[in-house]
Amino acid sequence: MSDRDWSAYAKSTYQWEPGHKLHLRMTKSSLTSDFDYCPKSYEYKRIHRLPEPSTDDMTRGTNVHDAIEQYYINLAPLIQKAAAALPEKPAKAMAILQEALPVPDEPYTLGEEPIIQKRLDWDLARLQSDGVKNFLPIINELEVHAYAEETIEFNGEEITIPIHYAGSIDRGFRTDEDTIAIMELKTGKFVQKLKKDKWETDRYKVQSMRTEMAFYKYLLEKANHNLQDVTHWGWVYPAGSTKVLDKLDKYGYEQRSIDNITYESCLGRNGNTYKKKIIRMRDALLTAYLTSNFPPKASVGKCAWCSFKSICPEWGGSDNPQEYLENYEEEK
Ligand code: SF4
């Protein structure tokens, strides 16, 4: 729904090589999802631009994101009225929040409504406990671009690489201390494992969410944005409990997926650790470009979800993007 700044993207490319006039584009997805997940899959997806089939999960995610973005825009003139209905009339307040939801172009068919409703339930609870002052987001799908010259040591030489950092931040709220809290909306699963009779959150999930949020914080800093004073970050998983998992994970632990809101400080060690991680990932990506080496990072679980497994050399494939494209066209 946001208007993309296509002219900003025209200044950069993923198909970058030393001496290239354009900047190397780096986004949260390209760096923290694609490249960190597997450099080979980054190469297929970003450099060879191999297409992937869209899934119901992707469509559902887009629909929910679009609805929540528009909901906050529509809610601005209604929020005082909703707040005034509380605490005596929560049903009336909820009806006002629901009034702000956009009518979709096509009726939802992928289970979007309960996810959106859960998000509104949490909003009503927040309005009830915190009041209206900082309720509305000051960031709502904000697209941010930053251009920088980064230097990396390579083969004993210092090499400067022009980088275009880009991203769209779901939401940001002003805190009571007048700083910024950035929040990410996810429509996937949020897994917990039962260990020693206690449900524990999957630590890889938390680490990956912190890494994603650290990219956004870094992006705001690189852009010298007026909303860069980020002291908190968090994420909401309103669809978590709707996800069905196998009862046991591969190690035999009982597992489940839950709805989740996490909100935490990103000052001090937490923020520094993940900022360093972003810089490490960035330098690893730059090194991959400088050496033209995007090695496969295989694992059975991960590769089972990879669209490019049929041509991946790790699985006996030809490593030929053209072969993938021909098969893709045939199967369409
Ligand atoms: S199949 Fe596995 S190793 Fe190969 S590109 Fe995909 S994720 Fe990487």
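Guide: Helices (H or I, at least four residues) and strands (E, at least two) are DSSP runs, numbered from the N terminus. The model is predicted, so local features need pLDDT of at least 70 and side-chain atom pairs count only at pLDDT 80 or more, while totals for chains, interfaces and linings use all residues. Residues are numbered from 1 along each chain as its sequence is written.

Visitor: Where is Pro 87 placed, and which form does the peptide bond from Leu 86 to Pro 87 take, cis or trans?

Guide: Most residues other than glycine have a negative phi, and most peptide bonds are trans. The bond that leads from Leu 86 to Pro 87 is cis, its omega being near 5°. Pro 87 lies in the loop between α5 (79-84) and α6 (90-99).

Visitor: At what angle do helix α2 and helix α9 pack?

Guide: Two packed helices are described by the angle between their axes and the distance between the axes. Here axes are lines fitted to C-alpha atoms, for helices over the stretch in contact, and angles run from 0 to 180 degrees between N-to-C directions. For α2 (residues 28-37) and α9 (residues 268-291), the angle is about 60° and the axes are 10 Å apart. The pair is therefore oblique (angles under 35 degrees count as roughly parallel, over 145 as roughly antiparallel, 65 to 115 as roughly perpendicular and the rest as oblique).

Visitor: Which residues of α2 and α9 meet?

Guide: From α2 come Leu 31, Thr 32, Phe 35 and Asp 36, and from α9 come Met 281, Arg 282 and Leu 285. Contact is taken as C-beta atoms, placed from the backbone, within 7 Å. The residues of this contact comprise four nonpolar, one polar and two charged (Ala, Val, Leu, Ile, Met, Phe, Trp, Tyr, Cys and Pro count as nonpolar, Asp, Glu, Lys and Arg as charged, and the others, Gly among them, as polar).

Visitor: How do the axes of α2 and α3 cross?

Guide: They cross at roughly 120° and come within 5 Å. α2 is therefore oblique to α3. In this contact, Ser 30, Asp 34, Phe 35 and Tyr 37 of α2 meet Pro 39, Ser 41, Tyr 42, Lys 45 and Arg 46 of α3. By class, the contact of α2 with α3 holds four nonpolar, two polar and three charged residues.

Visitor: Which residues are closest to the ligand?

Guide: Cys 38, Pro 296, Cys 303, Cys 306 and Cys 312 are the closest of the 14 residues that surround the ligand (C-beta atom, placed from the backbone, within 6 Å). At least two residues of this shell come from each of α3 (39-47) and α10 (300-303). The shell consists of eight nonpolar, one polar and five charged residues.

Visitor: What is the strand order in the open sheet of three strands?

Guide: The order is β7-β6-β9, with antiparallel pairing (strands pair if DSSP finds at least two bridges between them). β7 and β9 (254-257) are the edge strands with a single partner each, so one side of each has no neighbour in the sheet. On average, neighbouring strands are turned by 35° against each other, direction ignored. Between β6 (residues 191-195) and β7 (residues 198-201) there are four bridges; Gln 192 has Thr 201 as its partner in β7. These two strands form a hairpin with two residues between them, and Lys 196 in the turn has a positive phi of about 50°. Four bridges also join β6 to β9, where Lys 193 is partnered by Gln 255 of β9.

Terms used
Two residues are in contact if their C-beta atoms, placed from the backbone, lie within 7 Å.
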